[in-house]
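Please read them with the coordinates open beside the text.

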Amino acid sequence: MKKVSLLFMALVCITFAKAQKSNLIMFSEQGEKFSLILNGILQNEKPETNVKVTDLVAPSYKLKIIFEDSFRTIYFNEPGVEATYCVKRNNKGEYVARYQNEVPIAQAPAPPAGQKVIVYSTVAPAPTPTTVVSTTQTTTTTTAGNAPPPQGNASMGMGIQVNDPELGVNMNFNIGGANMTGSSSSTSYSSTTTTTTSSSSSTPPPPPPPPAPVSYLPGYSGAIGCPIPMSPNDFEALKSTISSKTFEDSKLTIAKQSISSNCLMASQVREIVKLFTFEDNKLAFAKYAYAYTYDIGNYFKINDAFTFESSIFRV
């Protein structure tokens, strides 16, 4: 009965947390355009200077901000509020994300002009289609004169006959089958030229989205907190190193240092929590490890590693 009540309270806590939605606003201080990736999914189809993402329901997200020459990764965890961050360069010339402010969702102001508002999606946007424009130009030229057209397949024949009553001479000309006697002809012609040109205009496609994340936990479809969990062999080595230490403070320090550059399953976090004797150290590690957990939707599984029920509500 005690375990059933404990599981019920944990599920109620998790359900309440997931019911809260949050918004995220990211903007660059100097107007640099960037692409925003949440949990491995590209959100804006082209780089922007100010991006707002709405309807975030997971308790935390891993963000990557990609500029033309660098990127910055942070963790976002502000349920029920609209949080604003500013992206800028520090004194070393590196991009950093600085917290600005937050406001409850219900009190959030309307987005200003120029801000890209995106509803969070787990599918990357499709590239912008290419538009093709075709134009046709027709030119007509008309020339009049006493000369035949400058082009064409015309044949010409000429015959001369001399006959005069007194001298026995009479002149008769035959040109192209037309008889002309003592006269000249005037000829006009026209030519038509048609020119067709085609041009295409397109918007440069956004940077290609990262490949679809690989599922390291078959059957799990919840939120992802970090990309690639630690392999079983590496995890066993980590547990052995932590267990070899005598003092709890040393165990906690090594555990935090080890996972700060790695990713764990919720079940692996639970196993490390059980290596600590004191409840405060168990709780401290459980809080720290949340940001480095792959299947954060299963984080309730660590509850049975605590000695006291009260610790469940302090994670």
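1. In the contacts of this protein with a separation of 6 or more, residues 24 or more positions apart account for 67%. The model is a predicted one, and the points below should be read with that in mind. The protein has 5 helices and 14 strands, and buried residues make up 30% of its 315 residues. Its accessible surface comes to about 19600 Å², and 54% of that area belongs to carbon and sulfur atoms.

2. Strand S7, which spans residues 81–89, is mostly covered, with 7 of its 9 residues buried. Cys-86 is a residue to check here, since its relative accessible area is 5% and it is therefore buried, the cut-off being under 20%. On one side of the pairing pattern, S7 and strand S1 (residues 22–28) run in the parallel sense over 6 bridges, and Leu-24 stands opposite Ala-83 in S7.

3. S7 also pairs with strand S8 (residues 95–104), to which it is joined in the antiparallel sense by 9 bridges. Within this pairing, Thr-84 has Asn-101 of S8 as its bridge partner. The two strands S7 and S8 form a hairpin with 5 residues between them, and Gly-93, which lies in the turn, has a positive phi of about 80°.

4. How many disulfides does a search of the whole structure find? The search finds 1, formed by Cys-226 and Cys-263, whose sulfur atoms are 1.8 Å apart. The pair links distant parts of the chain, with Cys-226 in the loop between strand S14 (187–201) and helix H2 (232–243), Cys-263 in the loop between helix H3 (248–259) and helix H4 (266–273), and 37 residues separating them. The torsion about the S-S bond of Cys-226 and Cys-263 is about 70°, so the disulfide is right-handed. Both Cys-226 and Cys-263 are buried.

5. The largest nonpolar core holds 25 residues, of which Val-269, Ile-272 and Phe-285 touch the most other members. Helices H2, H3, H4 and H5 (279–289) each supply at least two residues of this core. Leaving aside neighbours within four places in sequence, Ile-272 is in contact with Phe-235, Leu-238, Ile-242, Ala-255, Leu-264 and Phe-285. A second, separate core consists of 20 residues and includes Ala-58, Ile-65, Ala-83 and Tyr-95; the Ala-83 listed there is the residue of S7 that stands opposite Leu-24.

6. The structure holds 4 aromatic pairs, one of which is the edge-to-face pair of Tyr-216 and Tyr-294, with 5.9 Å from centre to centre and 85° between the planes.

7. Phe-276 and Phe-285 form another aromatic pair, a tilted one, with 5.9 Å centre to centre and 40° between the planes. Phe-276 counts as buried because its relative accessibility is 2%, and Phe-285 counts as buried because its relative accessibility is 0%. Phe-285 thus deserves attention in two places, as it is also among the residues that touch the most other members of the largest nonpolar core.

Technical notes:
Residues numbered from 1 in each chain as written. Predicted model: local features only at pLDDT ≥ 70, side-chain atom pairs only at ≥ 80, totals over all residues. Heavy atoms only, no water. Buried < 20%, exposed > 50% of the residue type's maximum accessible area, 1.4 Å probe, protein only. Helix = DSSP H or I, 4+ residues; strand = E, 2+ residues; numbered from the N terminus. Pairing = 2+ DSSP bridges. Disulfide = S-S within 2.5 Å. Contact = heavy atoms within 4.5 Å. Areas by Shrake-Rupley, 256 points an atom, 1.4 Å probe, with all protein chains shown as cover. Core = buried A, V, L, I, M, F, W, Y, C linked by side-chain atoms within 4.5 Å. Phe/Tyr/Trp six-rings, centres within 6.5 Å; stacked < 30°, edge-to-face > 60°.
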